[in-house]
Amino acid sequence: MANTKGKRSGPCYVFSRPFRKHGVVPWATYTRIDKEGDIVDIKGMGTVQKRNAHKCSHGKIGRVYNVTQYAVGTVVDKQVKGKILAKRIKVLIEHIKHSKSRDSFLKWVKESNQKKKEAKEKGTWVQLKRQPAPPREAHSGRNSGKGPELLEPIPYEFMA
């Protein structure tokens with residue numbers, strides 16, 4: 001699908017600011033601390049046009065490999081035909097934000113270490129693998145005293 005021309009495919013929509021968030025860039029954007037190895041989301045900010053990521057990198061997750069005064073270098077995966085290449089791109093700090101994708105994993109690690117420690121003290125075995133959600137238990141619905149109701153489509157009537 002090269003050179004797509006969909007209704008909302010252009011940079012006007014991709015880099016637009018959210019509702020009631022136009023204007024000056026918030027000061028917290030500049031006071032954030034970025035370190036090498038951080039996982040960041042790349043999301044272009046339309047307020048600042050310089051050093052923005054290309055449209056194909058918009059919405060991707062990258063890892064910081066270089067930090068300068070105004071920008072950060074990130075490693076992003078890009079699919080080129082059958083291969084996935086690690087691209088190194090430089091973007092201004094306005095166009096990135098810290099990713100929350102790793103928070104749930106770190107929380108799970110902390111909980112599993114705690115469970116492991118408690119199980120070792122008791123001398124028991126504990127399940128640490130994350131389990132999928134089980135199917136819901138059987139239950140019966142209420143019909144407020146009425147019998148079963150038959151639902152069927154209304155037949156088409158041609159009106160001339």
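The model is predicted: local features need pLDDT of at least 70, side-chain atom pairs count only at pLDDT 80 or more, and totals for chains, interfaces and linings use all residues. Residues are numbered from 1 along each chain as its sequence is written, and side-chain values use heavy atoms, with hydrogens and water left out.

**Exercise 1. Trace the two hairpins around β3: how many residues lie between the strands of each?**

Step 1. Take β2 and β3. Strand β2 (residues 61-67) is joined to β3 by 5 antiparallel bridges. N66 has G73 in β3 as its bridge partner. The hairpin of β2 and β3 has 3 residues between the strands.

Step 2. Take β3 and β4. Strand β3 (residues 71-80) is joined to β4 by 10 antiparallel bridges. K78 is bridged to L85 in β4. The hairpin of β3 and β4 has 2 residues between its strands, and K81 there takes a positive phi near 55 degrees.

**Exercise 2. Classify T74, S57 and Q69: is each buried or exposed?**

Step 1. Set the cut-offs. Buried means under 20% relative accessible area, exposed over 50%, and partly exposed in between (1.4 Å probe, protein chains only).

Step 2. T74 sits in strand β3. T74 has a relative accessible area of 0%, so it is buried. Contact means heavy atoms within 4.5 Å. Beyond its neighbours within four places in sequence, T74 is in contact with several residues, including V40, I42, Y65 and I89.

Step 3. S57 lies in the loop between β1 (39-42) and β2. S57 comes out at 10%, so it is buried too. Its contacts, neighbours within four places in sequence set aside, are I42 and I89.

Step 4. Q69 lies in the loop between β2 and β3. At 65%, Q69 is exposed. Q69 and I93 are 24 residues apart in sequence and 9.2 Å apart in space, C-alpha to C-alpha.

**Exercise 3. Describe the largest pocket: which residues lie nearest its centre, and which classes line it?**

Step 1. Name the lining. Of 14 lining residues, R17, K43, M45, E94 and K97 lie nearest the centre of the largest pocket.

Step 2. Name the elements. α2 (28-31) and β5 each give two or more residues to the lining.

Step 3. Sort by class. The lining has 5 nonpolar, 4 polar and 5 charged residues. Here Ala, Val, Leu, Ile, Met, Phe, Trp, Tyr, Cys and Pro count as nonpolar, Asp, Glu, Lys and Arg as charged, and the others, Gly among them, as polar.

Step 4. State the method. On a 1 Å grid over the protein atoms alone, a pocket is an open set of points where a 1.4 Å probe fits, with protein on both sides within 12 Å along at least five of seven lines; lining residues have an atom within 4 Å of a point.

Key: Pairing = 2+ DSSP bridges. Helix = DSSP H or I, 4+ residues; strand = E, 2+ residues; numbered from the N terminus.
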